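Colleague: I've got this one open on my screen and would like to talk it through. Could you walk me through the strands, the helices and the place where the chains meet?

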Amino acid sequence: MTAGQQDNRPVIEIAAAVKTYGEGETAVHALRGVDLVVERGDYVAIMGASGSGKSTLMNVIGCLDVLTSGLYRLDGIDVSGLAESQLSLVRNRRIGFIFQAFNLIARTTALANVELPLAYAGIKAGERRRRALAALDLVGLADRVDHEPNELSGGQQQRVAVARALVTAPALLLADEPTGNLDTKSTHEVLGIFDRLSLSGRTIVIITHEDDVASHAKRIVRLVDGEIITDVRQAAVSGPPPRHASAAATAGLS
Amino acid sequence: MSPFEVMRFALVGLGANKLRSALTTLGILIGVGSVILLVAVGNGSSKAIQANIDKLGTNMLTVSHSGGGFGRNRSANAAATTKDLTVADAQALVDPYAAPDVKSASPVASTTENAVYAGVSTSIPAFIGTYPSYFEATNNPVSSGTYFTNADVTSGRKVIVLGQTVVTNLFGDIDPIDKQITVNGTPFTVIGVLKAKGSTGFTDADNTAIAPLTTVQQAFTGYGSLSQVIVEANNAATINQAQAEVTTILDTRHKITNPANADFRILNQASLLTASTSTSKTFTVLLGAVAAISLLVGGIGITNIMLVTVTERTREIGIRKAIGAPRGAILGQFLVEATLLSLIGGALGVLGGYVGSHFTIVGVKPVIVPSSIALAFGVSVVIGLFFGGYPANRAASLRPIDALRYE
C-alpha cells in the first residue's frame, strides 16, 4: 500500500454494525445495522435523542466498546479482532477523545494533562513538553499551562481537553457532547476551535443533540432507534466548514 | 511508559491523600516495628537467662537426696527405705577410674542461720558448709580476702566467706575481713567476700555464707545426711558422661537396681540451660507471632485503602485508559503506590524498632536479631506487592467504558 492510497482511505468504515446489550427478551438493540463511512478531513455531527444509540456508536468508534456483529475499520485497521493491549495503543495513537465532562485529571496541571497521552506513548520528557505546549498554544491557553483544572473555567478546561486530544496528532477527533456543560460564550470558543481544526484538515466526529452545534459540521447524521434515518451534507469534505465560511464571509462584508 | 513515569504517577497519587497514606503507612510501621522489637525482647530475655545460668556454672551437677525430705528434716520412716547422701558418697565420686570425667565433688550441708555483728543481726537463708572445691564448681570466686582450705575443713576451723548482701547488711561500709561475727552463738572469722552475682529470679544469690563443712555440721546440721553434693565435670562437653558415672557409682553404693526407685536425683545445669533456652525460644516465637499478626493487619489495611483509592479514582482510571494507558501502566501505578506505602512503613518500622530496642522493656534489655530486621522489612515489601496486587489488578481490569460512566 502506498502513501497516496493511505491518504484516500476512509478514517471510519462501519458496515452492518449491530450492538445488542443483554440476551433473549430483555435484550436491548442499541444499534440495528448502521453503515457509516467518514472520509479523511470530514466533520460529521451525529445527532439523535437519548436512547437513539448515538452514545453506543460513539463508544464503538472510540474503541471503548466492541460490536456484537458487523465491521469496523478505523484508519484502515479492523479493530474488532484486536486485543485489549492493542486497543489501548489504537486509542492512544489514532483517537483523540473530548468528553462532555472534560475529564481532566484532577490536581494535575494543564500541561501535565496534555502531556499524559504522550507519556503513555513513551515519548521523552523534552519532546513531550514541546508538543504539549504547542497544542495548548493552538487552543489559546499558552498562559494557563501551570493551572490545575479547578483553577480553570469550564471553557478553558474543555480547551485543555481539546489540546490533550490533539497532542498525539490522531487520525480522528471524537467529541461527545463537547459543549453540553458550557455557557454560550465558551461553546462559541470551543466550536471556533473545531472549525479551525476542520479547516486545517482534521477529521472530526462530534456527538450532539443541539442543532446549533450540528450546524458547524460539514455533514449531519441522524440516528433514531439504532438506525441512521438521515445523512445530510452541508459542505464539501475538502472545503471549509459551513459556519466558518459564513463567518469569513460576514467578516469580509463588514 | 518508563518505570520512572509509573513511579511519578504513583507518588502523585500518594501525595493526593497525604493523611490517608500516612495512616496506612502507620499500620505497617507498627507491624514491622513490633516484630523487630518483640523478637528483640524475646532474644534479650533468653540472653539474660543464659547469662544467669552461666553464672551458676555450666559444668556443674547437683546431686540431691530424693524420696524423702532434705538433710536432717528427713523423717525416720524414709530412712528405712532410702539411704542418706553422705560425705562418703561425695568422696567416692572423685575416682579417676570409675569417674574420669568428674573433677571434684563437694558435699554441701546447708541451713538457714542468723548472723550477728556489733549488735546488727541478719538472716542468711543459704548458710552453706562445704569443701573448698565448691567455690570453683559453682563459679563463686572471692572478690576480696581468701578461700578456706582443705586443712580448715579437716580441723573444723570457724572461718567464713560471706556473700555481698550479707556483708552489706552486717558491716555496711566497714571492711569485713578478719572481723568476728556470731552465727547462732558460734563465733566465725570472716576471711573472704564473694564476688557479687546478682539475683536469679526470686532468690538473692549474694545473700549467702560459706564455711567449712565440718564446722557447719558440728555447729548446726549434725553429721547426718547432706543437702547436696556439687559435682564439677572436667568441662561442659563431658558433663553428660560425668552424670552417667555419678549415677552408676551412687546406684552401686545405694544398692539401687531400678532407676525409678533412686533415692537421689541429679540436676544437670546443661539440661537446665537447654530447657530454659527452649522456653525462651517459645516465648520469642510467641511474641514474634503476635507481632506478625499486627503486620498482617497492616497489610490488610493496605488492601483496604487501595481498594478505596481504586473505587474513588475509577473515573480517573477510565480517563487514563481512554487516552491510551496500557493495562501495565495502570497496574504498575497502583502496585507501586501500595508497595511504596509498605516500603516507607517498613523503613520507619525498622527505625522505630531499632530506637525502641535501646530502652529496657519490663526489665528486659532487648537484643536485636539482625535477621528479624531483614525479615520484617522484606515481608513488608512482599505484603505491599501481595495486598496491593488485588486492588491494582482490579483497577487495571476496569473497562474504560464502565470506568468513565462511573459517578
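This is a predicted model: local features need pLDDT of at least 70, side-chain atom pairs count only at pLDDT 80 or more; totals for chains, interfaces and linings use all residues.

Colleague: Then how many bridges join β1 of chain A to β4 of chain A?

Modeller: Strand β1 covers residues 12–21 of chain A and β4 covers residues 69–74 of chain A, and the two run antiparallel. To find the pairing on screen, look for Ile12(A), which stands opposite Leu74(A) in β4(A). The number of bridges joining β1(A) and β4(A) is five.

Colleague: Which strands are at the edges of that open sheet in chain A?

Modeller: The sheet has four strands, paired antiparallel, in the order β2-β1-β4-β5. An edge strand here pairs on one side only. That leaves β2 (28–38) and β5 (77–78) of chain A.

Colleague: Over in chain B, is strand β11 buried or exposed?

Modeller: Take the two faces in turn. In a regular strand the side chains alternate between the two faces of the sheet. On one side of β11(B) are Gln228(B), Ile230(B) and Glu232(B), and on the other Val229(B), Val231(B) and Ala233(B). Six of the six residues of β11(B) count this way, so the strand is largely enclosed by the rest of the structure: buried.

Colleague: Which residue in β11(B) is the bridge partner of Leu61(B)?

Modeller: β11(B) pairs with β1 (residues 60–65) of chain B in the antiparallel sense, over five bridges. β11(B) is also joined to β2 (residues 102–117) of chain B by six bridges, again antiparallel, and there Val108(B) stands opposite Gln228(B). For Leu61(B), the partner is Val231(B).

Colleague: How are α4(A) and α6(A) oriented to each other?

Modeller: Their axes are 7 Å apart and the packing angle is about 30°. α4(A) passes α6(A) in a right-handed crossing. Angles under 35 degrees get one label, so α4(A) and α6(A) count as roughly parallel.

Colleague: And which residues of α6(A) does α4(A) meet there?

Modeller: From α4(A) come Ala110(A), Asn113(A), Val114(A), Leu116(A) and Pro117(A). By class, the residues of this contact divide into six nonpolar, one polar and one charged. Those on α6(A) are Val160(A), Ala163(A) and Arg164(A).

Colleague: Which helix gives the most to the side of chain A that touches chain B?

Modeller: In total, 20 residues of chain A are in contact with 15 residues of chain B. Both α3 (84–94) and α4 (110–120) of chain A supply at least two residues to that side of chain A. With six residues, the top contributor is α3(A).

Colleague: Where is Ala169(A), which has a positive phi although it is not a glycine?

Modeller: Most residues other than glycine have a negative phi. Ala169(A) comes in at about 50°, and it is exposed, with 11 other C-beta atoms within 10 Å. Its place is the loop between α6 (154–166) and β7 (172–176) of chain A.

Colleague: What about Asn184(B): how many C-beta neighbours are inside 10 Å?

Modeller: Asn184(B) has a positive phi of about 50° too, and is not a glycine. You'll find Asn184(B) in the loop between β6 (180–183) and β7 (186–194) of chain B. Asn184(B) counts as partly exposed, and its number of neighbours is 14.

Terms used:
Residues are numbered from 1 along each chain as its sequence is written. Chains are lettered from A and ligands numbered from 1 in the order in which they are written. Two strands pair if DSSP finds at least two bridges between them. A residue is buried if 20 or more other C-beta atoms lie within 10 Å of its own, exposed if 12 or fewer, and partly exposed in between; C-beta atoms are placed from the backbone. Two residues are in contact if their C-beta atoms, placed from the backbone, lie within 7 Å. Axes are lines fitted to C-alpha atoms, for helices over the stretch in contact, and angles run from 0 to 180 degrees between N-to-C directions. Angles under 35 degrees count as roughly parallel, over 145 as roughly antiparallel, 65 to 115 as roughly perpendicular and the rest as oblique. A crossing is left-handed if the near helix is turned anticlockwise from the far one by less than a right angle, and right-handed if clockwise. Ala, Val, Leu, Ile, Met, Phe, Trp, Tyr, Cys and Pro count as nonpolar, Asp, Glu, Lys and Arg as charged, and the others, Gly among them, as polar.
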